[in-house]
Amino acid sequence: MKSPAGLLLSAIELDRTSAIPLYRQLYLQIRKQILNGRIQGGVRLPSTRTLSDELALSRITILNAFDQLIAEGFLASRTGAGTYVGTDWENRASEDEQPRQPPRLSDLSQSMLSLRSDHFRGVSYADWDPATPTSFLPSHSSYDAFPQAIWRRLMNRHLLKPTKAILGYGELQGLQAFRQAIAEYVFDARGIDCNAGQVVIVSGAQQAFNLLGMLLLNPQDSVWMEDPGHIAARIALQAQGAQVVPLRIDDQGIDVQQGLSECPDARLVFCTPSRQHPLGVTLSYARRQALIDWAAEHQSWIIEDDCDSEFRYSGRLLPALYAMDQMARVIYVGTFSKVLFASLRLGYVILPQALVEPFCTLRAVMDRSPPTLLQATTADFMGEGHFLGHIRRMRALYKARQQALIEQLQTQIGSFFRITPVEAGMHLIAWLPSELSDTEIARQLAEQHIHTYALSDYRIKHALPPALLIGFAGTPENQARERVEALARALRALGYLPPAT
Ligand SMILES: Cc1ncc(COP(=O)(O)O)c(C=O)c1O
């Protein structure tokens, strides 16, 4: 067994090229060994002469390190008897002897970890490089087409003469001017008649789902969810202990009848009426009315997630569900993640008046409000007419991108995928031969740096044919051909397509 002195000496490694002085390196390393229990309290250290010889350091250097360790109570010096590790450090088990335990987490955190790991199995964000030209990840907008110069100018205006309002704690509900701009926008674009006092700014729609779960649900409350549906929202509500009731999606949207017969007294429904996520269906008028009638009768809530209604290319954009509701049961959630950019982390909730104050109280506990600078810049972007122009341009761009991608997919891989254009949103659904596993294909493609999502990741209970979600918003028309060539090459290499002739 090594003597304590031997242990100490074997563990000390000095870097003579470092800018950190040698006495400080020695001090840090001895302190670390005491703190992690490798050298116990009461142990006598080698003499400064031994250390000086063994470590090829001057005694002054060693004395400097010791002086500091003595001053901090790590070492004690006894006249004529040498230098000892302070007795306060006795009986510390060495880190090496302690089995590494996983951190102790709350039940909530454990359950979220397990819910999360069920999703994104093969297609992890960890190896996703946004610059990868072959990525077809849905939910990503065309960052290259964002009007950077205008944005910079508007933001600079606030940065050049920052006011207290910009630098201090913001209004809890969100910047008044921003809420006003949103209220006007949703009136024109979504038929929603609300006042700025009903709008609360959040850090993205995802925060709204979490806060609404906290606000409205008790553990074990039942929640109707679309199946397949938005995974992150489901996890947020499950984290509050909600029991999910998965409802089928057909060509009219969520199957309200199934909810009525299986669990009529659910507390809440989460739905995406404008473009069902991920299948793309529009919720029919009849189903909208049925949802509102059910919520009114049972005093239940409807969360309407309207994340990308701006991007509709054909078919009719129906007014928001919120606009049909006379009974104040619908809570509308919008976001700037798709229409501007996702890292902005700005979203909004339009609440029945009675929920505003309790919602804001939770908001305050969470994180107050998003950066006022970003709210003010976005408000200016809206107020000065850039927002609507940007939406118009993006809609035309995404429409053209979808068309170009479909043409290439059909020409190059049409025998493998069955693809129909989508009327709205930012991704296509490429149906696969029925015997294949979409999760397996998505995982294998991700290994080849081609990122898609498997439709079955979105499924809760009801079986679905296999399909991949292929984002088109991030693929410029003039790159569609080469990106699909890369996809075809990968599918050939994986044996899903015959070799090229
Ligand atoms: C269906 C759906 N709703 C909402 C969002 C927006 O979330 P956030 O505003 O938190 O970025 C997304 C993001 O991908 C989504 O897919």
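Thr335 stands opposite Gly347 in strand β10. The model is predicted: local features need pLDDT of at least 70, side-chain atom pairs count only at pLDDT 80 or more, and totals for chains, interfaces and linings use all residues. Residues are numbered from 1 along each chain as its sequence is written, and side-chain values use heavy atoms, with hydrogens and water left out.

**Strands around β9**

- Strands here are DSSP runs of E with at least two residues, numbered from the N terminus, and two of them pair if DSSP finds at least two bridges between them.
- β9 (residues 330-335) and β10 (residues 347-350) pair in the antiparallel sense over 4 bridges.
- With β8 (residues 301-305), β9 pairs in the parallel sense over 4 bridges, and Asp305 stands opposite Val333.
- In β9, 6 of 6 residues are buried (under 20% relative accessible area, 1.4 Å probe, protein chains only).
- Val330, Tyr332 and Gly334 point one way from β9, while Ile331, Val333 and Thr335 point the other way.

**Ligand surroundings**

- Residues surrounding the ligand (a heavy atom within 4 Å) include Ser139, His230, His277, Asp305, Thr335 and Arg345.
- The shell divides into 2 nonpolar, 7 polar and 3 charged residues; Ala and Cys count as nonpolar, Asp, Lys and Arg as charged, and Gly as polar.

**Polar contacts and burial of the ligand**

- A polar contact is a pair of N or O atoms within 3.5 Å.
- A polar side-chain atom of Thr335 lies 2.6 Å from an oxygen atom of the ligand.
- Polar backbone atoms also lie by ligand oxygen atoms, at 2.7 Å for Ala205 and 2.9 Å for Gln206.
- The protein buries 89% of the 400 Å² that the ligand exposes when taken alone (Shrake-Rupley method, 1.4 Å probe).

Note on methods. Polar contact = N/O pair within 3.5 Å; in protein donor to acceptor, adjacent residues only side chain to side chain. Buried < 20%, exposed > 50% of the residue type's maximum accessible area, 1.4 Å probe, protein only.
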